[in-house]
4 protein chains.
Amino acid sequence: MLNTLGNLLSLTTFGESHGLAYGGIINNFPAGLTIDLNKIQYELDRRKPGQSAIVTQRKESDTVQFLSGIFDGKTTGTPIGFIIENENQKSKDYDHIAGSYRPSHADFTYDQKYGLRDYRGGGKSSARETINWVVAGALAKQLLSDIEINAYVSSVGDIFCEKPYQVLDFSQTESNEVRCPDAETAQKMIERIKEIKKEGNTIGGTITCVIKNVPVGIGEPVFSKLQAELGKAMLNINAAKGFEYGSGFCGAKMTGKEHNDLFNEDFTTKSNLSGGIQGGISNGMDIYFRVAFKPVATILRPQESVDKEGNPVIVEGKGRHDPCVLPRAVPVVESLAAFVLADLFLINKTRNINNF
Amino acid sequence: MLNTLGNLLSLTTFGESHGLAYGGIINNFPAGLTIDLNKIQYELDRRKPGQSAIVTQRKESDTVQFLSGIFDGKTTGTPIGFIIENENQKSKDYDHIAGSYRPSHADFTYDQKYGLRDYRGGGKSSARETINWVVAGALAKQLLSDIEINAYVSSVGDIFCEKPYQVLDFSQTESNEVRCPDAETAQKMIERIKEIKKEGNTIGGTITCVIKNVPVGIGEPVFSKLQAELGKAMLNINAAKGFEYGSGFCGAKMTGKEHNDLFNEDFTTKSNLSGGIQGGISNGMDIYFRVAFKPVATILRPQESVDKEGNPVIVEGKGRHDPCVLPRAVPVVESLAAFVLADLFLINKTRNINNF
Amino acid sequence: MLNTLGNLLSLTTFGESHGLAYGGIINNFPAGLTIDLNKIQYELDRRKPGQSAIVTQRKESDTVQFLSGIFDGKTTGTPIGFIIENENQKSKDYDHIAGSYRPSHADFTYDQKYGLRDYRGGGKSSARETINWVVAGALAKQLLSDIEINAYVSSVGDIFCEKPYQVLDFSQTESNEVRCPDAETAQKMIERIKEIKKEGNTIGGTITCVIKNVPVGIGEPVFSKLQAELGKAMLNINAAKGFEYGSGFCGAKMTGKEHNDLFNEDFTTKSNLSGGIQGGISNGMDIYFRVAFKPVATILRPQESVDKEGNPVIVEGKGRHDPCVLPRAVPVVESLAAFVLADLFLINKTRNINNF
Amino acid sequence: MLNTLGNLLSLTTFGESHGLAYGGIINNFPAGLTIDLNKIQYELDRRKPGQSAIVTQRKESDTVQFLSGIFDGKTTGTPIGFIIENENQKSKDYDHIAGSYRPSHADFTYDQKYGLRDYRGGGKSSARETINWVVAGALAKQLLSDIEINAYVSSVGDIFCEKPYQVLDFSQTESNEVRCPDAETAQKMIERIKEIKKEGNTIGGTITCVIKNVPVGIGEPVFSKLQAELGKAMLNINAAKGFEYGSGFCGAKMTGKEHNDLFNEDFTTKSNLSGGIQGGISNGMDIYFRVAFKPVATILRPQESVDKEGNPVIVEGKGRHDPCVLPRAVPVVESLAAFVLADLFLINKTRNINNF
């Protein structure tokens, strides 16, 4: 449904960067799951501003409060309502842009579509919305405890993690500020971000996500193919510009003979250019995909722009902004992947009378 | 909703490659539109097998029959039901694979998920499903008659159309078999496909789609951002492996200073790396995106595989298959884009009390 | 979703009384069920015109053709497409009403809403739409083979079947033309309908539906309570004016002490004024409800009305119409009940991690 | 969608009687509407406990806090999040029922479906959920400011307001505690409720709702007929047992000649047994319907029941309960009606290209 994530398991959200709170409602989460609240806070902390020198220095405690749907530590099967209060909005930082349109922001499109906008920061278009997704994803991860979901920063600008994911040690992802499990590449990325930050500039990059132990059969045959639901979720992330899975855009250069994944006798495949999905349905191999992020639009340098009447103005980012959104986006990507999988996992429970 | 395309304007479909017919139901299409049936057939003909030497030589008339929702040449506002009969199924071509799993096909995942599958060709997983989408898209195009949607083949294997879309003449797209508007590149692509075909092999590629004259305001703010709905639709295409819009994966290498699109005084932007969308909402600039297609999995050469019990078998594509799916996928990409836009266009009619 | 029945298991339909065909798509029906096509035709025959002297004498074969989703006699889990051709439309019967508005028909509202209408018969507003529901319901009944769903005509005009459902023998419902299992009452009803028919008039009535062996737990807690989903489905039947379940409107006259259903030690209840549902969820007792039907609006007598310009005209029903819609509506009520139950039954498979 | 009210304009909610808060998210509410918060509080006060001697004496301030979607007093078009804190939960009142099943409550069905339940009061099954609906309905009323929606208590037990709604003065509904606009009947109802309360018993009744000035064209043709969406909403109210509109169950006793509503030359109808709806679509006449409410299940008298193991126990309502839920349900009925109408009103904006 419009503005809702998920088909059966669903997440509906609200919140603006300078409103009172963010929050959401998770519907149709199964009953009886014991919830570890620390694991949820852990994910929120991975997304939190102020966590390192290479992200925005805003300070928010970002603690979630569950208002319903969990009783005596267990999910009750009824709607899970939650809020995260906004604590550190500095609306004054934005007074200068109330009447101006920042380049590559949503100021102009919101004003045109709705006839008005909350001009304090991004309002609804702020990426702070992703905090809701992390809460929901952290719950979904607990539901899918057998499935391993590991995202990491695979490039920053033109610095790429060249190693294939199969040789990376995901236990190292959290060992550095940029969340790249290869220490050497991570160091280069961090330095690049620090340079960029010094210039008041910003930089883009990519996140790769690898999902192991997905049972065979997840995904639906027509308009809810697994890759389509994953892609849709990822493309809703504020700075996302692209999504590819398996061989992705490289696969478009290949021939069928090169690209086909031959079967082993246990139904695993010798190669996995398919990225763990055939016909929209998981085949038990690793699912992996990559998301492209544009550089953050707010730069701490003067830019030519226009005001609401079309008059030339100079806008200049002030306040505390991310020079690179990638490190904080890693848990967001994992969260969305977890939620999408959980939704399709539940639906799959109903797809075959032999399961009943 | 699950297995339905669209939120308000919706398309629900059915059909299997070797069943009696394909078809669909379009719900909530506005009343009062005079429908040009020839334009619908024109789009179906662009997708049709047998149309040239570089596509499958199967013959199907692929004519659509509207069963409801159109009266005296106009849409009535009530559900539009349609069917396209299957004429040229050669089930026998598939007897040899009833018990085997073809590499990089959905045979295995369908069998696992559902406990059985229609093994005659792809069954439900066949790309013939896209014929339904072309019917729906051809209607959506007529609803959005002011909007121009032009897709074209932008690469085949490692042959790329290097020219930016702005200098291409889309009136030339239909002038060659491969549907690349640049004649020189088209010729190279066609030769490449012919070589590949001779080898019994297949090849991948990319399609670029450019949408002009989209009004400002199309797209929704949270989980139904315009790029997310477009991406979801495209990633449901059978061979699609990736989607990027605007600067896409290249944008991930850039800095904010390079990437930001500065405004002109008329609210157009000097550059358009955003791809016509800000905050999930169209900004009036051209929307453009690119879809990656893997090579067709069926190759006319023996491949090692396994049967249902995991025993080694040799499978070999027989019958009439596409060496490259790209030329026939061009109208499919346009159709999905049109349908997604039409859905969000209608929703936008309700988003502001000043419109009422 | 709009104009779709069901949440997970869904039915989307099309068709107009004088179009080429009716049909529908059932999505997310579980795979692996062996379908008995005779049982489907049996239900269609119960709804068919011309089946007895007290219903319309139109002749239609009303045979369903499945176009997808069933292979080798079993459901495949993929969309089930079906059509029923219209055979016996006599459009000429309606020429006289093309420009006129029949009293208590949808002619005026359709014209106003859509700006045009298919004036041949009811067009989209015709109750022939219910044929689609019977197909879907007949499949749902086979999915829920342990559940017994029995509807019957409980009143025609002021002739009521006074016996409580518990003493009726549902095996007798089909033994008479009016589908009331009490022979004596049935006889009175049939006579009443014959009188009414002779007058060129029509008459209303009620249908009671009793559902036995529903497992505990079917229904959702907030806006998808079992009675709400049942009620919504029934109120979509063309002539339906009311829905009540359990004690219904009589319960509104009672006190809590009288109305409460006390538990037995096996968790059945001593009385069942609740109608088998508590908090929107089935409790294992019989579910029973009643639907009110208005008299058919088309009467074979002259009535004062207006044309499109508001000028007075006389309209007079011609052709072959039902003097009483109740006998043919019995399978429609059962079908909708079956489909709603099947949808919520499937959803319930996902509501508790202990089921997984 | 499951557990969501509305198709395009949607309400998703959460909350349990003894949790921290209730709340909801309204999606796709149009931008630009100036909201009068006092009018929202007015509706909440009409529903509030403790407002008179004939309702529960629980005290709650029941104030709503909007967390997003309203800026500078106007709706922004983005999701409206709101919460209402629970203040006066006395969980101890419920300790005695933690292991017991109260007759005609949802204790047993929740335990069976979910494997656990919040046993403090009704938990999710509590009618306090309706507070969310009143918030959403109060907003919808402001959107539909030209439409008048008036509900009133039309019967309590066997005391009926015999006057037709046309002669009632709805400005008098709020002049008495029971919300019946006929003073004489109201007095009898109040006395009856006081007697019942003295006995520790409870009593049912009906609410009639009359909606004036609905434009022609609201409602959708297949499974989203106006009466079906209204009925579904009403049947989700916790104690609702039936819904009828227009002639309702009385219409089932009539003949077509009696029941048909003949047109005037201005397309109004001479009678209105149709209840303002033809073919599922509003025809501009008054819409009216009636909802049956069972007596509250909690009575302040000992009742035989069983515990979780099936052992006989005596349960006895304690604390502060409504002897009759009708007076407080009046704003709930109006709210749901307003929300359903607003949803279909918005959808109707997209149904005809002549509107664009």
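A:Arg47 sits in helix α1 of chain A, which runs through residues 37-47. Keep in mind as you explore that this is a predicted model. UniProt, in an unreviewed entry, lists A:Arg47 under "binding site". Is A:Arg47 buried or exposed? It counts as buried, because A:Arg47 has 25 C-beta neighbours inside 10 Å, and 20 or more are needed for that label. Setting aside neighbours within four places in sequence, A:Arg47 is in contact with several residues, among them A:Thr130, A:Ile131 and A:Arg328.

Now let's look at both chains together.

Next, a helix in chain B. Helix α4 covers residues 183-198 and has 16 residues. From its first C-alpha to its last, helix α4 of chain B reaches 23 Å, close to the 22 Å expected at 1.5 Å a residue. Its residues include these:

| Group in α4(B) | Residues |
|---|---|
| Buried | B:Thr185, B:Ala186, B:Met189, B:Ile190, B:Arg192, B:Ile193, B:Ile196 |
| Exposed | B:Ala183, B:Glu184, B:Lys198 |

An α-helix has 3.6 residues a turn, so residues three or four places apart point the same way. The buried residues of α4(B) pack against β9 (148-156) and β10 (159-160) of chain B, while the exposed ones listed are on the other side. Just after α4(B), B:Gly200 takes a positive phi of about 70 degrees.

How values were computed
Residues are numbered from 1 along each chain as its sequence is written. Chains are lettered from A and ligands numbered from 1 in the order in which they are written. This is a predicted model: local features need pLDDT of at least 70, side-chain atom pairs count only at pLDDT 80 or more; totals for chains, interfaces and linings use all residues. UniProt positions are given in the numbering used here, feature names are shortened, and annotations may be inferred rather than shown by experiment. Helices (H or I, at least four residues) and strands (E, at least two) are DSSP runs, numbered from the N terminus. A residue is buried if 20 or more other C-beta atoms lie within 10 Å of its own, exposed if 12 or fewer, and partly exposed in between; C-beta atoms are placed from the backbone. Two residues are in contact if their C-beta atoms, placed from the backbone, lie within 7 Å. The expected span of a helix is 1.5 Å times one less than its number of residues.
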